[in-house]
Amino acid sequence: MASSEQDPSRSVRPLESSIRTDLGTAATYAGYLDLDHLLAAQHPRSTPEHHDELLFIVQHQTSELWLKLVLHELRAACRYLADDELAPALKCLARVKNVQRTLVEQWSVLATLTPREYAQFRGALGNASGFQSHQYRAVEFVLGNKNAGMLPVFDREPVAHALLVELLESPTLYDEFLRHLARLGLAVPAAVLERDVRQPWTFQPDLVPVFRRVYESTDTPWGVYEACESLVDLEDNWQLWRFRHLRTVQRTIGARTGTGGSSGVGFLRRALDLTFFPELYAVRTVVGT
């Protein structure tokens, strides 16, 4: 056979004899993942159906799935910290950080949607907006950006509303971490430990010396130091997500208002001023001075 010719028998990879093909009533990949429902959950509303609306739907549905996992891991981390189990809490945070990187990169897919393409089906969204994502709001609540004024948005979604009320009234990830530090013997101010957890976190200057000791002392357990840096990673990643969201919206609709009634880019830009763990950034100014 000439060297330039290909043996047709090599173009098909034979199945290994151990692979099961007659599944019958056995568990299957599609059944385990409930793919019949998952892949049938995309319902473009433009008429006639616009080619790019599927991209828009899939982008946001996959984001919601990742947010579900983020929330699952953050709530587990809170429980671990409440039980002084720092190591598994850190494992949860490590997973969240990897999910965050995926969420940030996803914006590059949506950014392939041009202004003209989006304009051709934007009207089909009506007032639907990512602002109404209860899972996004839930993650923000767990991280400390609590706002009871958001609850009315979900009055017609009882399950979502109940979840947000629960998280509003529960300690945040930061609260649980600070309580853990106090139980380890660090001088976390009583006012911080006894604060009303329903309120959004505000900068606590008396916490800065506590974190200065964490960062400067050679006696600091490595896990505590790692946890501080992991929280900073979480916030940095969330801010990157916010920024990529802002830039994607800006390149797609410019300065137009959002479908949910917000000012659009202006509203998203103000979110960049929000911070979850301000003392962990403030301490960097005094470490080593």
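The part I have in mind is helix α6, residues 134–143. Which residues of α6 are buried, and what covers them?

Analyst: This is a predicted model, in which local features need pLDDT of at least 70 and side-chain atom pairs count only at pLDDT 80 or more, while totals for chains, interfaces and linings use all residues. Residues are numbered from 1 along each chain as its sequence is written, and side-chain values use heavy atoms, with hydrogens and water left out.

Start with burial. Nine of the ten residues of α6 are buried, so the helix is largely enclosed by the rest of the structure. Buried means under 20% relative accessible area, exposed over 50%, and partly exposed in between, with a 1.4 Å probe and protein chains only. Helices are DSSP runs of H or I with at least four residues, strands are runs of E with at least two, and both are numbered from the N terminus. The buried set is Gln135, Tyr136, Arg137, Ala138, Val139, Glu140, Phe141, Val142 and Leu143. The cover over these residues includes α3, α7, α8 and α11 (222–253). Just past the helix, Gly144 has a positive phi of about 115°.

Now the pairing with α7. The axes of α6 and α7 (residues 158–168) come within 9 Å and cross at roughly 5°. Axes are lines fitted to C-alpha atoms, for helices over the stretch in contact, and angles run from 0 to 180 degrees between N-to-C directions. The two helices are therefore roughly parallel to each other. The classes are: under 35 degrees roughly parallel, over 145 roughly antiparallel, 65 to 115 roughly perpendicular, the rest oblique. On the α6 side, the contact uses His134, Arg137, Ala138, Phe141 and Val142. On the α7 side, it uses Ala160, Leu163, Leu164, Leu167 and Leu168. Contact means heavy atoms within 4.5 Å. By class, this contact has eight nonpolar residues, one polar and one charged. Ala, Val, Leu, Ile, Met, Phe, Trp, Tyr, Cys and Pro count as nonpolar; Asp, Glu, Lys and Arg as charged; the others, Gly among them, as polar.

Two of the covering helices, α3 and α8, also pack on each other. The axes of α3 (residues 53–82) and α8 (residues 173–183) come within 9 Å and cross at roughly 20°. That makes α3 roughly parallel to α8. In this contact, Leu74, Ala77, Cys78, Leu81 and Ala82 of α3 meet Leu173, Glu176, Phe177, His180 and Arg183 of α8. Its classes are seven nonpolar, one polar and two charged.

Elsewhere, Leu280 sits in helix α13 (residues 278–286). Leu280 is buried, with a relative accessible area of 0%. Leaving out residues up to four places away in sequence, Leu280 touches Tyr174, Phe211, Tyr215, Cys228, Leu231 and Val232.

Finally, the whole chain. The protein has 13 helices and zero strands. Its radius of gyration is 24 Å, well over the 19 Å that the globule rule gives for 289 residues, so the protein is more spread out than a compact globule. That radius is taken over C-alpha atoms, and the rule is 2.2 Å times the number of residues to the power 0.38. Along the principal axes, the C-alpha atoms fill a box of roughly 75 × 50 × 45 Å. Buried residues make up 39% of the 289 residues. Among contacts between residues at least 6 apart in sequence, 70% join residues at least 24 apart.
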